[in-house]
Amino acid sequence: ALLCSSAAAVVLLKWLGRRQVQQKMDEARRSRDLALERMEKAARRLKQEVDTQTSHILSLTMVELVEKLKAGSLSPESVLYSYMDKVKALEVNREVNCVTDFIHGCEGQLQELKKQKEKGLLYGIPISIKDHINCKGHISSGGMVKFLGQVKEEDSVIVQVLKHQGAIPFVKTNIPQTMINYDCSNLIFGQTLNPLNHQKSPGGSSGGEGALIAGGGSILGIGSDVAGSIRLPSSFCGLCGLKPTGNRISSPPGCSDSPFVLAVTAMLGPMARDVDSLALCMKALLCQQMFQLDPTVPPIPFDEEVYTSSKPLRIGYYEGDGYFQPSPSMKRAVQHTRKLLQDAGHTLIPFAPPKIDYVVDELFTRGIFSDGAAHLVDCFKGDIVDPNLKSQFNTYRLPALVKRTLAIILKHIVSRCQLAVCAKPCHGAAWHGLSQAYRTEFIAKWRELRLDVILCPMLGPAFNHGYAGKLFAATSYTNLYNVLNFPAGVVPVSTVTRADEEELKHYRGHYGDPWDKRLKEAVEGAVGLPVAVQCVALPWQEELCLRFMKEVETLAH
């Protein structure tokens, strides 16, 4: 009787705990719905105040929009209305579920703009912000119940600088639970869909940004990247995105709420429909205001001369990294872009990243889980794991002794496996020593070939739902440059053809293991969807990276 009553008590406590979690999630969803209603009312008010030219405004590039706003031929009110209007942000959200909050202070900011004597570089531009970046008066949930109700008291530095430059943050966007998955789903706000094909993922973890911008509901967004979280949704949604060098721009206080302990540098960066928009955003951010608000950011202004240069480049390239065989469309995109660049007068040199298995299995995985994922597991106490994260989480939660035993056993059985999360944690100083040694080796190879930049594959096309959580190792194409801390950007250059889809039927991968099989299944059924390439430069050379991206964009389109 005692055992039965104890078991019943345990079951009851678990039920009550889950009920409490569910109530918190229900409340968060109600708050989101109320925020969207408030946004709809604000859009109606703005419509009465302005002579709207919605279709014209939405057809403009960001550079064109800024010019017209500064010249006075368009008003900030009309532009904000156009992007808030139910035809765009609200309608896009109903279709793909990408917005988590309306930043209601944007109406007051419109009035502040009128008082500014000087018009900033982003004057009147509506901008979307990834969920975990702090905005005053709003939560940064991370897709987790434990952060609900924690209203932020001030804007992060990047939001303050954007406002200083005249931009108007107006919505926050969805992310995957914990941001350690490159799908875009959590149990609070649900699954975000790809606006180009609802059967596909928008990528992650900045997936809400990708979906909103690709759907036409935003012209510029701020995401973050620790394994490809800006570049992956940009690739999946047909956008341009830039991961800068770590600390080139300020990382927000919200990064301290990360559910995992990082040795790899997390970085904020812009996402948009074209490279010029990214360049303008970086130019706006790299200003005196940024350097004053965050003295840890090196005071290096944007170098316009490098960005606008037409000097021929020496470009290293590779079609595959030797860890994950690229999908047919990924490989074709690099081959096609290489030919375009050669024909345009640039020099292309074959390049092979050294020791890629070591980078992915040791440096990256042990760097992103430098505490053996202990903090991540602890964050889930009192929360429910999203189904898309379960396959990853079940590995992370294993006891340390079991992880180490598995690492020893699997090392002799599995040809390729991310065993590092099962191995002994690699703490900060040790990891930085190893990563610095690899970085030195990589740069030496770069210098030996006298390269300016590198052209390489970008994971894609967009995955079918549910596969990202089972293919974390497929981020090898992006996470390499997080370990190296190099600036890296994504540019769409083509779309998946029927020939690509036919060739995919014969895809076997490098190892023929479960990961290769899953990648084939993940990218099936993508005819017509975007395919991108990745452009890379050395640290602190964002302007050169963007200049290379612009060259690729111009030639491809």
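Select Glu319 first: its relative accessible area is 21%, which makes this residue partly exposed (buried means under 20% relative accessible area, exposed over 50%, and partly exposed in between, with a 1.4 Å probe and protein chains only). The model is a predicted one, in which local features need pLDDT of at least 70 and side-chain atom pairs count only at pLDDT 80 or more, while totals for chains, interfaces and linings use all residues. Residues are numbered from 1 along each chain as its sequence is written, and side-chain values use heavy atoms, with hydrogens and water left out.

A salt bridge here is a side-chain nitrogen of Lys or Arg within 4 Å of a carboxyl oxygen of Asp or Glu. Helices (H or I, at least four residues) and strands (E, at least two) are DSSP runs, numbered from the N terminus. Arg338 is also partly exposed, at 22% relative accessible area.

Remain on H13 and select Lys339 and Asp343, which lie 4 residues apart in this helix, about one turn. Their salt bridge has its closest N and O atoms 2.9 Å apart. Asp343 counts as exposed at 57% relative accessibility, whereas Lys339 is partly exposed at 48%.

Next, select Glu304 and Lys283, whose side chains meet in a salt bridge of 3.4 Å, N to O. The two residues are 21 residues apart and link distant parts of the chain, with Glu304 in helix H12 (residues 304–307) and Lys283 in helix H10 (residues 275–285). Glu304 is partly exposed at 32%, and Lys283 is partly exposed at 33%.

For a linked group, select Arg248, Glu542 and Glu543, which are joined in a network of salt bridges. The count of salt bridges comes to 20.

Finally, display helix H14 (residues 356–368) with helix H18 (residues 428–448). Their axes come within 10 Å and cross at roughly 145 degrees; axes are lines fitted to C-alpha atoms, for helices over the stretch in contact, and angles run from 0 to 180 degrees between N-to-C directions. Tyr358, Val359, Leu363, Arg366 and Gly367 in H14 meet Trp431, Leu434, Ser435 and Tyr438 in H18, contact meaning heavy atoms within 4.5 Å.
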